[in-house]
Structure formats: C-alpha cells, structure tokens
Amino acid sequence: MANVQAAFGFRHIGFLSGGAPDYQQSPYSILSTNATKIFFGDPVIIDPTSGLLQQLAATTTQLVGVFVGCVFTPVGGLAVPQWSPYWPGAAASVATAYVIDAPNAVFLAAALNTAIVTANIGENITVNIGTGSQVGGGFSGATLDQAGLTTATPAPFKIVGLYNGIGNGSDPSTAYNWVRVAFNNQQFRSQTGIA
C-alpha cells in the first residue's frame with residue numbers, strides 16, 4: 001500500500017539500546033518576543049545571541065532536542081500561566097519550554113518526499129521544518145529531508161531504522177515512509193559547544 005503524506009514532526013518512541021529510559025523533559029526558556037511559533041515535535045536550538053530556545057532554522061546548527069510543550073503567560077490576558085503543546089509566538093514574559101534532550105532518545109518522523117530505504121540506515125539526515133498546525137494539538141510539520149542524506153557530521157539526526165508497523169508510513173518502497181532516527185548533532189552528543 002502506498003504511503004500518504006502525513007507530517008507530524010518528531011514523535012518520541014523510545015531509546016537506543018543501553019540507555020536508561022528516563023522520559024525526562026528538560027526546561028529551557030523562550031524569549032517572550034520570539035514571534036516564530038514552535039510546535040509539538042519541532043527540533044529546537046539555542047539562539048547564540050540570546051541564549052534562549054528557538055525553532056531549528058539552519059539544519060547544520062547543533063540541536064538542543066525536540067520541543068514537547070511550554071508554560072507561558074498570555075499577552076494581555078490574566079497573569080495566570082497556562083500550558084500549551086506549542087509556543088504561540090508571544091507571551092507577557094519569558095516562557096518555560098519543555099524539551100526531550102536525552103542524547104539516546106529515538107524518534108519517529110516522516111520522509112519529506114522520496115522514500116528513505118534500508119540502505120540509508122546509518123546515514124545522517126537533515127530536516128525540512130515545514131509548517132505546523134495550531135489546530136488539533138499544535139503538531140509540528142517537520143519531516144526528514146532525504147535530499148539531505150549525508151555521511152557528514154553536522155546533520156541533526158542519524159537514521160537508526162525504518163518504521164516496522166502496519167498501515168501508513170510502513171511501505172519503504174514509496175514516498176512519505178516513516179523512519180526511526182536518533183540525535184546526531186545534538187548538544188550532549190557533540191564535542192563542540194553551542195556557538
């Protein structure tokens with residue numbers, strides 16, 4: 001059965017073997033004036049100027065992890081912090097983001113176009129950030145960009161396997177298949193600091 005395009009960002013599905021499954025989400029800060037929405041499942045980085053969290057922009061930038069929600073105080077609203085699965089693009093003060101940053105975390109993500117095949121396991125891959133949706137939970141539109149398959153170090157993710165389920169995403173011979181990835185260029189896996 002041919003796959004159907006379904007971008008859902010990076011969905012945490014487990015850990016590499018040998019790693020303790022802690023399911024921890026680490027807190028980071030988001031600048032209150034950061035107008036770029038960050039969706040559930042978006043790869044995120046530290047802005048070198050402000051030192052605060054933002055959505056991945058350049059795919060050679062070192063990742064912090066994958067965004068899974070935030071607590072913020074709405075602009076012009078009551079001064080009561082609220083939980084959101086996505087960053088809305090403005091807040092009354094610095095917000096607290098929650099990020100999966102465990103260096104051995106494994107994620108499921110969809111291919112952007114052409115199928116990613118078994119021969120690509122072990123290669124590094126870049127990300128197409130896509131457009132997330134505020135409707136239905138604020139899910140990311142990020143996908144794996146098979147045009148960015150590489151053996152070079154700076155790519156943010158490494159392919160560790162293909163989706164072995166049934167239904168959509170399970171056909172590795174057609175476009176939009178789903179792939180298991182782990183961090184490659186990430187703050188706790190890299191030997192270089194965030195610049």
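In strand E12, Ala-182 is the bridge partner of Val-106. The model is predicted, and local features require pLDDT of at least 70, side-chain atom pairs count only at pLDDT 80 or more, and totals for chains, interfaces and linings use all residues. Residues are numbered from 1 along each chain as its sequence is written, and side-chain values use heavy atoms, with hydrogens and water left out. Strands (E, at least two residues) and helices (H or I, at least four) are DSSP runs numbered from the N terminus; two strands are taken to pair if DSSP finds at least two bridges between them.

E8 and E12 run antiparallel and are joined by 5 bridges. On E8, 6 of the 6 residues in the range 105-110 are buried, where buried means under 20% relative accessible area, exposed over 50% and partly exposed in between (1.4 Å probe, protein chains only). In a regular strand the side chains alternate between the two faces of the sheet. In E8, Ala-105, Phe-107 and Ala-109 point one way, while Val-106, Leu-108 and Ala-110 point the other way. E8 also pairs with E1 in the antiparallel sense, over 4 bridges, and Ala-105 in E8 stands opposite Phe-15.

Strand E12 (residues 178-183) pairs with strand E11 (residues 157-162) through 5 bridges, again in the antiparallel sense. Phe-183 in E12 stands opposite Phe-157.

The open sheet comprises 6 strands in the order E1-E8-E12-E11-E9-E10, with antiparallel pairing. Strands E1 (11-15) and E10 (143-150) stand at the edges with a single partner strand each, so one side of each has no neighbour in the sheet. From one strand to the next the twist averages 45°, with axes fitted as lines to C-alpha atoms (for helices over the stretch in contact) and angles running from 0 to 180 degrees between N-to-C directions.
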